[in-house]
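Please open the structure in your viewer and keep the selection tool at hand. The tour moves from one selection to the next and states what is found at each stop.

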Amino acid sequence: MPDFHAHAKPKQLTRGDQVRDTLARLEALVGQLGYALGEEALNIPPLFDEVTAGLAELQAQGQDVRGGAAQLETVSAGLRRKAGIFLREIGGASRLQDARNARRPDPAQWWWFLDQWLADRRRSQLRQLLQWAAVAALLLALLYMIYQRFLAPDPAIVASLEHQQKAESLAQTGDLAGALNETEQALAAIPRDPEQLVFKGVLQQALGSDAAAEETFAAAEAQAGKEGFLIARSRRYLSLGQTEAALSDARTVIELNPNSAMGYLVLGQANEGAGNYAEAMDAYSRASTLAEAQNKLDIVAIARMQLGMLMQRPSTPTGAGP
């Protein structure tokens, strides 16, 4: 029986098949950029020539080349993204320049001019970056000017706060004389600060200078009013562990103003400091109720938080230590 397969002629590739095969090879090479393709990458520009020429020829013959054109555009975008990798793979821009000089391509064949395209792109990116940097610098200068003119804190306030912080720290370590010195420096920056006047008076009192303390307290009360002065002094006494003095001032506040939400908050804190937990819970509840009615939401939040924390403590008899 005759062997017909032995005499069969190989199938002839159409021009369309040839272009598709070349495009597939081009796509594969571009996809392999960055994986040690080496000098084989130099085949990419000539393959672009073949594919573009083939698509133009097929289109001239009336064939539909939209699929091939779309695929070529995708490959083109990939090559542009990998332009730097392509140049490294082939050994630098000079290798492409040599190949271009030998080929003398039309400027429209951009793939032969990737080195120039990449250099232009980098220059454009640098210009854009410099423009953004200039805009950012101008904006920062404007913000700084606005801050200095409208928002910058008074140097006296900054100095006062620094001395206040030092005074607080020294008082906590038991250095009352050092704390008094820092408080006086804070008052030198802002002489009528009622909080610092109260702090100074409490420190003077603790150091045995009762007459000086009374004079300082009078100055603080003149600035803050009776209720504000007593609230501030109660909290300051409490911070130094003088719970009985803190309770006395807090109770006086409530006597002066039974609807003082802050007064009840301070009374709760003083009772808690003294270990009178039931009284503290009652005072916190009263502070929360009054503050809510008076729309003093900050006091509401603090009172409820301290009440919640106190309720989580192990049960302790009223008046007992913590």
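The largest pocket of this predicted model holds about 150 Å³ of space. To display its lining, select Gly16, Val19, Arg20, Leu23, Leu55, Leu58, Gln63, Asp64, Val65, Gly67, Gly68 and Gln71. By class, these lining residues are five nonpolar, five polar and two charged.

Next, colour the elements that give two or more residues to this lining: helix H1 (15-32), helix H2 (44-60) and helix H3 (66-81). Which helix gives the most to the lining of the largest pocket? The answer is H1, with four residues.

The remaining stops concern pairs of helices. Two packed helices are described by the angle between their axes and by the distance between those axes.

Select helix H8 (residues 176-189) together with H9. Their axes cross at roughly 150° and come within 9 Å. An angle over 145 degrees counts as roughly antiparallel, and H8 and H9 are therefore roughly antiparallel to each other. The crossing of H8 and H9 is left-handed. To view the contact, show the side chains of Leu176, Ala179, Leu180, Thr183, Glu184, Ala186 and Leu187 on H8. On H9, show those of Gln196, Leu197, Phe199, Lys200, Leu203, Gln204 and Ala206. The contact of H8 with H9 comprises nine nonpolar, three polar and two charged residues.

The contact of H9 with H10 is made up of 14 nonpolar, five polar and six charged residues.

For the last stop, select helix H11 (residues 243-256) and helix H12 (residues 261-274). These two helices pack at an angle of about 155°, and their axes are 9 Å apart. That angle makes H11 roughly antiparallel to H12. The crossing of H11 and H12 is left-handed. Colouring by class shows 10 nonpolar, four polar and one charged residues in the contact of H11 with H12.

Note on methods. Residues numbered from 1 in each chain as written. Predicted model: local features only at pLDDT ≥ 70, side-chain atom pairs only at ≥ 80, totals over all residues. Heavy atoms only, no water. Axes fitted to C-alpha atoms, helices over the stretch in contact; angles between N-to-C directions. Parallel < 35°, antiparallel > 145°, perpendicular 65-115°, else oblique. Left-handed = near helix turned anticlockwise from the far one by under 90°. Nonpolar A, V, L, I, M, F, W, Y, C, P; charged D, E, K, R; others polar. 1 Å grid on protein atoms, 1.4 Å probe; cavity = no way out; pocket = protein on both sides within 12 Å on 5 of 7 lines; lining within 4 Å. Points joined across faces, edges and corners; volume = space filled by probe spheres on them. Contact = heavy atoms within 4.5 Å.
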